[in-house]
Amino acid sequence: MAAVINNSTALNAVVSSSTAMTAVASSQTAMAAVANNKTALTAVINNASALNTVVSSSTAMAAVASSQTAMTAVASSQTARAAIEKSQVAKDAIAASDMATAKYAVGAAGLKPADYANMAAVAASQTAMTAVCSSALAFNAALKNSTARTQLAGSSYLQSNYDKLLSTVGNSTYFSQKFDNIDSGAKRAISGGNTDTTATANESVFLCKKIGAWSNGNSVTGTVAHLQTKTTAGSISTRAGGGQSTDDYTTGGVQAKYICIGGCTFTENGDAYCCGIFAFAK
């Protein structure tokens, strides 16, 4: 395969042949060579048929998703990202890798994938976190990987992007959502615009809007935590009650704008509630 890649005529012949590309895409050895060569990757990306063959093959996408060179190339290309979005095989391969998820997310957010090696690098960057939280495609991709969710939950730049993220999860192409409250315990968004009380994090996010007392005048403290990491996102003490079924910031309770990755675990001192938007990455 190296001889083909190093010969422009031979390389163009291969990417232009559906038969040849099918054989390449189904070979781990051939795809490893392609995935780690910028010239070969560019040739594939620039040929719609060849690109479709690669993104439709689990063998080919496993090679792409495991290569920093390949993921930098495809995540930097709007054409390649568009092809990936049409292939569940490709999206699943990317979701299985922290590195691939990071590069795909920042590419979708308009940043340079070459600048970010993994989701730890994304989470440590104010610029990257703002961009990813502002992009429905990028944040959707980030939620699909467990390591990525852990890094998001631990980022010191997550909570400051609350308003941007609230707008982002309103994109119904990439997210389903439901306004709901928690009395105590865990809750997360699931598909179809629903929630459940399974205490296992998933590809969801909770945007808390209010914390309050079930009965006005009772002193309570409510604490919301990331279901992904079980670490605290925020805590409020109040005597303000009511409003647990009202999707706003002012009717009952007190404003409590906190982001919880993977779902939310709510603990209370006194009879408290929290409420807000549960969003699931489609």
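**Ground rules**

I am working on a predicted model, where local features need pLDDT of at least 70, side-chain atom pairs count only at pLDDT 80 or more, and totals for chains, interfaces and linings use all residues. Residues are numbered from 1 along each chain as its sequence is written, and side-chain values use heavy atoms, with hydrogens and water left out. My helices (H or I, at least four residues) and strands (E, at least two) are DSSP runs numbered from the N terminus.

**The sheet**

Strand β5 (residues 220-226) runs antiparallel to β8, and 6 bridges join the two. I noted T221 as well, whose bridge partner in β8 is N269.

Then I checked β2 (residues 185-190), which is also antiparallel to β8 (residues 264-269), with 3 bridges between them. Here K187 stands opposite C264 in β8. I count two strands as paired if DSSP finds at least two bridges between them.

Put together, I get an open sheet of 5 strands in the order β3-β2-β8-β5-β6, with antiparallel pairing. The edges are β3 (194-196) and β6 (232-238), each of which pairs on one side only. From one strand to the next, the twist averages 25°; the axes behind such angles are lines fitted to C-alpha atoms (for helices, over the stretch in contact), and angles run from 0 to 180 degrees between N-to-C directions.

S176 is found in strand β1 (residues 175-182). Is S176 buried or exposed? It is buried, at a relative accessible area of 11%; my cut-offs are under 20% for buried, over 50% for exposed and partly exposed in between, using a 1.4 Å probe and protein chains only. The S176 side chain reaches the backbone nitrogen of G193 at 3.5 Å.

S125 sits in the loop between α12 (119-123) and α13 (126-134). I find S125 buried too, with a relative accessible area of 15%. Its side chain reaches the backbone nitrogen of A128 at 3.0 Å.

At the start of α6, a side-chain oxygen of N47 comes to within 3.2 Å of the backbone nitrogen of S49. In helix α6 itself (residues 48-55), I list A50, L51, T53, V54 and V55 as buried.

**Cavities**

How many cavities of 30 Å³ or more does a search of the whole structure find? I get 2. The search uses a 1 Å grid over the protein atoms alone: a cavity is a set of points where a 1.4 Å probe fits but cannot get out, a pocket is an open set with protein on both sides within 12 Å along at least five of seven lines, and lining residues have an atom within 4 Å of a point. Points are joined across faces, edges and corners, and a volume is the space filled by probe spheres set on them.

The largest cavity holds about 80 Å³. Of its 13 lining residues, V44, L51, V54, V64 and V74 are closest to the centre. Elements giving two or more residues to this lining are α4 (28-35), α5 (38-45), α6, α7 (58-65) and α9 (78-85). The lining divides into 13 nonpolar, no polar and no charged residues; Ala, Val, Leu, Ile, Met, Phe, Trp, Tyr, Cys and Pro count as nonpolar, Asp, Glu, Lys and Arg as charged, and the others, Gly among them, as polar.

The second largest cavity has a volume of about 40 Å³. I see M1, L11, V14, V15, M21, V24, V34, A40 and V44 lining it. Helix α2 gives the most to that lining, with 3 residues.

**Largest pocket**

About 260 Å³ of space lies in the largest pocket. It has 15 lining residues, and E85, K91, N140, K144 and K282 are the closest to its centre. I note α10 (88-95), α11 (98-108) and α14 (136-143) as the elements that give two or more residues, and α10 gives the most, with 5. This lining divides into 6 nonpolar, 4 polar and 5 charged residues.

How values were computed: Polar contact = N/O pair within 3.5 Å; in protein donor to acceptor, adjacent residues only side chain to side chain.
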